[in-house]
Structure formats: structure tokens, C-alpha cells
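Grab a viewer and work through these exercises with the model open. Try each one before you read its solution.

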Amino acid sequence: MTPPFRKLLVANRGEIAVRVFRTCRAMGIATVAVYSEADRGARHVREADESVAIGPAEALRSYLSIEAMLRAARETGAEAIHPGYGFLSQSGDFADAVRDAGLVFVGPPGDVHRLMGDKQAARRRMAAGGVPVLPGYDGDAQDDGRLLAEAERIGWPVLLKPARGGGGKGMRVVRRAEDLASALAASRREARAAFGTETLLLERFIERSRHVEVQVVADAHGAVLQLGERECSIQRRHQKIVEETPSPALSPPQRLELCEAGVAAARAASYLGAGTVEFLLAPDGRFYFLEMNTRLQVEHPVTEAVTGLDLVRLQLEVAAGRALPLAQEQVESRGHAIECRLYAEDPDQDDLPSPGRVLHLSEPEGPGIRVDSGLQVGSEVTVHYDPLLSKIVAWGRDRSEAAARMRAALRQTVVLGVVTNLARLRAIVEHPAFAAGELHTGFIEEHLHELRPPACPPALAIAALAATLRLGKNGGGGARRKAPDPWASLGPWRLGGSA
Amino acid sequence: MRLRCGEELFEVEVREAKGEWEVVVNGQPLRLSLRSAGEGRSIVEHAGQPATLHFAREGGTLHLFWDGVAYRLLEAREDARRPTRHDTGALEAPMPGRVSAVKVAVGQRVTKGEELLIVEAMKMENALRAPRDGVVRAVHAREGEMVAPGRALVEIGDPGDRE
């Protein structure tokens, strides 16, 4: 089949740019990387056919600059732009600007981004489309008296959410009527500062809930597919770090109901391309629409692992106006897949990004293991961008095999030079509650709050390091060059048995 | 040798004995055998248990990876906080970190040992001090900036030698 495009530009960096290029290579599409000054010589730049410098390290003037992206596309003759995730991927203005420039935006049109970026409008549209939403209030009247009455109707605890925006900013749980007024004031202040408007939504807050999302893909001919769900309940500060599919919490009928709600949401939004509908799954098994991500998701590889599909390929074909190459009954799911996100961040320091240079790197490999990485030895992790280093994905015939492969993969992973969350990831997948599939969004706080990897190495590690350094120093020649023979430590055994 | 991890200090003595190593860490003696397993990696055996050490050096910082956890240590020599390249008067960052304060300006007279700037690394503030008396000729660091090891931060010249 002829490739859908001759040349494609990825308006992103890091592992997702590398990931998109991989599919382009397989499809015979020429690739263009863009890079900021901080990313000169980065892996995504080396792996593209061409690259264009787009500005300084500061994202606002490089990866978030619509003008710079369009200029790079013009200069290189790219026909299509893939936005990746983050940066401009959910910007309606960017989607429109790409289209207005006569190029193809790999994703839904600007109006869909704007609809889903507005929590109030999205909630109303979903409710109208028959998608379950949380008991809540999404009206325009915003005076304290009205909101108190609505909160009493919804029932405590209530979650306040800015109508625009995301990322947890301005969100607040209120447990008692007497706390509402001060919480409203604080959330409005934060919402106005972050998003320019203080309109709030009220929703019932559900304790110990799970985060489950449905992958959908829609083409321009009216077909909408669901590619199953992903459970992303393990989060820190509202950010996912471990994801899996299928969700251990769903029975087959529940799964089907949830995935069909995902399709209904995509239809209600007149969706085009690959997208993710996020749901909250309550302990009683009921689920409610949270939001829709109008782009490829970080954790899409687990879906690829169980379905065998290439989501980027589907995105590109649909963006070119082609029909989806398969029907819902041809989507099959096999086994179980888990993803761990390796971040350059310090769990000991409120998950602050940990900049530095990668000095040494061992990535895991083996049956069922996939690593999506934008990393190489010498890579600089800067404070300018999201500190995701790589994604480790393990597939197994069932959940326990996938988990065992993930545990082994994390034990093989070594990163030196930057502080990572590797020890925390290991603690999560080795925890009995994880093995039992008992996941919820407070998992880390509940089980691993007291987890503190030791700040300093044990004496044996110090001893090993000191001896290794001495060994290296003595390595110049002479008798001491010989490394100590591991057999020497075995005691009174001799090889050959002639002692 | 002396290694610093945060505020903890490790005094380490290493002796090679009959193909094994005897290492005393803060008074605790440990016997181990060791072999190199390629650049930055060695296999250690202690009390019959093998383990792998990964390490890398970056300026005065030693990075090591042990049992799933990465650590950073500073080699605490007498002059660990002193700049390298004394002769040129350039003061370099000894470790990757964030410049949290610049305390001098071009043209300012400084005396040996005076604090020139503060680099925050490994959750600690490290004061970088003047290696000698002189006049600040150039300041290459801004507050809040991330710096890599070896990067020249401040240059100091002789009083009077304004180019």
C-alpha cells in the first residue's frame, strides 16, 4: 500500500518522537525532527531523516511555538504534522493553524480539542450523548449560595474543578458544608490565575476510586473502534506511573459496557483519530466520564502489546482520510501488558525533576519486553521538559507472567547520572497489593508512603566502589593488573578434583 | 579515601590481600572479591553472595548503582570544594547543580576563601570559594541556572591586570 504521506514532521521530542519515527520508517514515510537548543544531538534528532532547529531551550519559544513548527514544516516540505503528546498536542489553535497552512494535522480538528479542553462543555455534551457522568453541577450560576445548595444535593465529599484547564490545578476536595466557602475562594483564585476564568464544576468525590480509560480510534467515514481499556490507577500527584491492560477490576460484561461508553463518548464528540476517554471506576463497579484526551496517550504501548496493532499507523491512515483497516470484531486482545514510566525525578524530594547527564544506561530486554526510550548515554535531562526517560512495557500470557517479566526487567534497568524513580517502580510491582490487583489512585500514599530508598549506599557498596577504583588505578600493568579470581573466593574447592 | 554522601562521611581504607580485598568502611571491616565486568561495572562477591556494582565518575562526583538504587557520592578530598585549574583563576562547577546565589560581580576584589557563589546539588548548598586573592574578571553563571561539572563559573585575575 502506498504510504499515506511522503514526509511527516513530529512536533515533539524524546521517546514519543522516536516512537513515531519508527512507524514512519516501517511505512516508508520520510521523517523530520524539530529540536530546541537543549536537544541538539538528542536521540530523536539522530533518528530522523532531517532535522530543524526551532528555537531556544524554553518550550514556549520552541516546542510550544506554532509559528516555529509551521516554518519547519514549510522548510522541509513535510505534508503532515504529528503532535505527539503534551506540548501542542491538544491545542485547537495548532490543529487549525496546521490545516490552514494546507498541511495535515494528525489528530482531531480544533473544535474537538476546544470542546474537550472545556470541562463544563465536555460534561454537558457527554451527558447529552448518554455517557455516564458523576453526580454533579455544571451550570452557569456560580454564586456561593447556589453552589452550596448544589453540593448538598450532590452529597459530601464534593470535588471542585475549574471548568477550564487541567493537571489538578485548582482542584479541591471539600468534606463539610462549613469548609465550602473558603475552598471556593481558593479554587477560584487558582483557576483565574491558571486558566483565566473562575467558573467551577462540582462533582461527587469518590474515595478509593480507580482510573480506567478506553482507547478509541475514529475515521472520517463514521467508524469508531474501541481497542479495550487501560487501568492507570497508580499515580503520584495526579500523574500516572504504572499502567496496564486489561484492568484487573473489570468482569467481561463490565468491560464491554465501559468500552461501549468510550465509543459513545467519541461519537458524541464527533471524534477523529486516536483518543482516550478517561473514566472513574467507583468501588461499587459503576463508572463515570472524567475527560477525553484528544491525542495519542503516553501509555498506548500496552494496548499495542495486547492487540498487536500499531496505533501510530492507524493515526496516520485515518489522518490521510482512509477508512480504518479493520472492524470491531477483528480487534482481538491477547494476554496482559504492564507499563512502567521511568522518570528522572526524586521521589524523596516531592518528585522534583532531577536534571543531569546520563552517564551509564542499561535497558532491559527479553521475551515480551519493549522499551520506548528517548535516551542514550550522554543525554542531558534538563529542567525545561517533562522528565520522562523511558517506558518499559512487559507482555505476558496472563497478568502474573506480565508482572514477573516486569519485575525482572526493572532489575535489569540501570541509569546513572540522574536520580530516577526506579526504586519506587520496583517497590510498586513487587508489592503484594499490586500482585493482587488491588489498585486505586491512593495506592502510593497507602502502601508506599513510608518507602524511602536509603539516602546513602550500604557499607558493602562503598567497599565495592573503593576496591573497584583501586583495581582501576592498578590496572596499568604488572602483577596487580590481574583481577581477583572469582574462584578464589569459593574456598577449598579445586577444579579438576585432583587436590 | 573519604567519600561524602549528603552529610554522611565515609572513611574508607582499602587493602588487597591474597587476591581478595579487605576494605574498612567507617571502622567496619569487609572482605570481598571483585572482578571488572566491563566499563563502569564490576561483580562483587561478599559472604558467598554475588552482586553487581555500576559506577561512573563525573568531575568530583561518583555515581553508583547498587541493588536497584542510584546514589551520588562526592570524593571528599581536602580541596574538594576548591576549584580546579587554580592557575587560570577559573572557578569551575565541581558537580551538576543549580546556581542558587551569585555573590560577586565583575570588578569586585575578593580574598582567598571568600564565598563567590552557591551551587545547590544533592539537596545541599555548596559554597564555591575564591581559590586566591584577586579581582573578579568574569561571571559566567546566573542565579537559577543549571550548570554541568567542569563549566567555568567565575574567572579571577590579578588586581590591576584589567585587559
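Residues count from 1 along each chain as its sequence is written, with chains lettered from A and ligands numbered from 1 in the order in which they are written. The model is predicted, so to speak with care: local features need pLDDT of at least 70, side-chain atom pairs count only at pLDDT 80 or more, and totals for chains, interfaces and linings use all residues.

**Exercise 1.** Work out which strand of chain B gives the largest share of the side that touches chain A.

Start with the totals: 43 residues of chain B are in contact with 41 of chain A (contact: C-beta atoms, placed from the backbone, within 7 Å). Next, go strand by strand (strands are DSSP E runs of at least two residues, numbered from the N terminus).

**Exercise 2.** Find what A464(A) touches beyond its neighbours within four places in sequence.

Step one: list the partners, which are L32(B), L34(B), S42(B), V44(B) and L53(B).

**Exercise 3.** Describe how α1(A) packs on α11(A).

First, the axes come within 9 Å and cross at roughly 65°. That makes the pair roughly perpendicular (65 to 115 degrees). Finally, pick out the contact: R19(A), V20(A), T23(A) and M27(A) meet V312(A), R313(A) and L316(A).

Definitions and conventions
Two residues are in contact if their C-beta atoms, placed from the backbone, lie within 7 Å. Helices (H or I, at least four residues) and strands (E, at least two) are DSSP runs, numbered from the N terminus. Axes are lines fitted to C-alpha atoms, for helices over the stretch in contact, and angles run from 0 to 180 degrees between N-to-C directions. Angles under 35 degrees count as roughly parallel, over 145 as roughly antiparallel, 65 to 115 as roughly perpendicular and the rest as oblique.
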